[in-house]
Amino acid sequence: MFPPESALYCRLEVYGAARIEGSGRSRVTMAYEVRRSDGVLYTRGAPSLIEPDADGTLAHMIGFPLHAAPPGDYDIVMQIKDGLTGRTVDLREPFTVTP
């Protein structure tokens, strides 16, 4: 549960992504949408490439303010795609904005 004057952050780590032979690089992208329980879109993030950290970890953080979010139930729906294998994973994370 989150008050409307806060911001919500979500960190995602990717494991087992395919790597380009020789460089060890990956081509993983992530897009997301935040929807109210009635399906109305609150915000979204276009697909973006997840760059590895200095230690090679594939991690991505998203965040958005809740000041314009009416109280109620929401879902963050994330789509992660491995551009080398074509494999796609969809994740849904529910949360609630309190009055």
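**Strand order, salt bridges and a buried aspartate**

In this predicted model, the protein chain reads β-β-β-β-β-β along its sequence, with six strands and zero helices. The C-alpha trace spans about 50 × 25 × 20 Å along its principal axes, and of the 99 residues 30% count as buried. Among the contacts between residues at least 6 apart in sequence, 60% join residues that are at least 24 apart. The accessible surface of the chain comes to about 6,200 Å², and carbon and sulfur atoms account for 52% of this surface. The chain carries 10 positive and 13 negative charges, whose mean positions are 6 Å apart.

The count of salt bridges comes to seven. One of them joins the side chains of Asp53 and Arg11, with an N to O distance of 3.8 Å. This pair links distant parts of the chain, since Asp53 belongs to the loop between β3 (41–49) and β4 (58–65) whereas Arg11 belongs to strand β1 (residues 7–14), 42 residues apart. Asp53 counts as partly exposed because its relative accessibility is 35%, and Arg11, at 46%, likewise counts as partly exposed. Together with Glu13, Arg11 and Asp53 are linked in a network of salt bridges.

The loop between β3 and β4 also holds Glu51, which forms a salt bridge with Arg25 in which the closest N and O atoms are 2.7 Å apart. Because Arg25 lies in the loop between β1 and β2 (28–36), this pair ties together parts that are 26 residues apart in sequence. Glu51 is partly exposed at 41% relative accessibility, and Arg25 is partly exposed with a relative accessible area of 37%. A further salt bridge is formed by Arg92 and Asp75, whose closest N and O atoms are 2.5 Å apart; here Arg92 in strand β6 (residues 88–97) is linked with Asp75 in strand β5, 17 residues apart. Arg92 counts as exposed, at 53% relative accessibility.

Asp82, which lies in strand β5 (residues 72–82), presents another case, for this residue is buried yet has no salt bridge. The nearest side chain of opposite charge, that of Arg87, is 6.9 Å away, whereas a salt bridge requires a side-chain nitrogen of Lys or Arg within 4 Å of a carboxyl oxygen of Asp or Glu. When residues up to four places away in sequence are not counted, Asp82 touches Ala17, Ala18, Arg27, Val28 and Arg87.

Note on methods:
Residues numbered from 1 in each chain as written. Predicted model: local features only at pLDDT ≥ 70, side-chain atom pairs only at ≥ 80, totals over all residues. Heavy atoms only, no water. Helix = DSSP H or I, 4+ residues; strand = E, 2+ residues; numbered from the N terminus. Buried < 20%, exposed > 50% of the residue type's maximum accessible area, 1.4 Å probe, protein only. Contact = heavy atoms within 4.5 Å. Areas by Shrake-Rupley, 256 points an atom, 1.4 Å probe, with all protein chains shown as cover. Lys, Arg positive; Asp, Glu negative; His and termini not counted. Charge placed at Lys NZ, Arg CZ, Asp CG, Glu CD.
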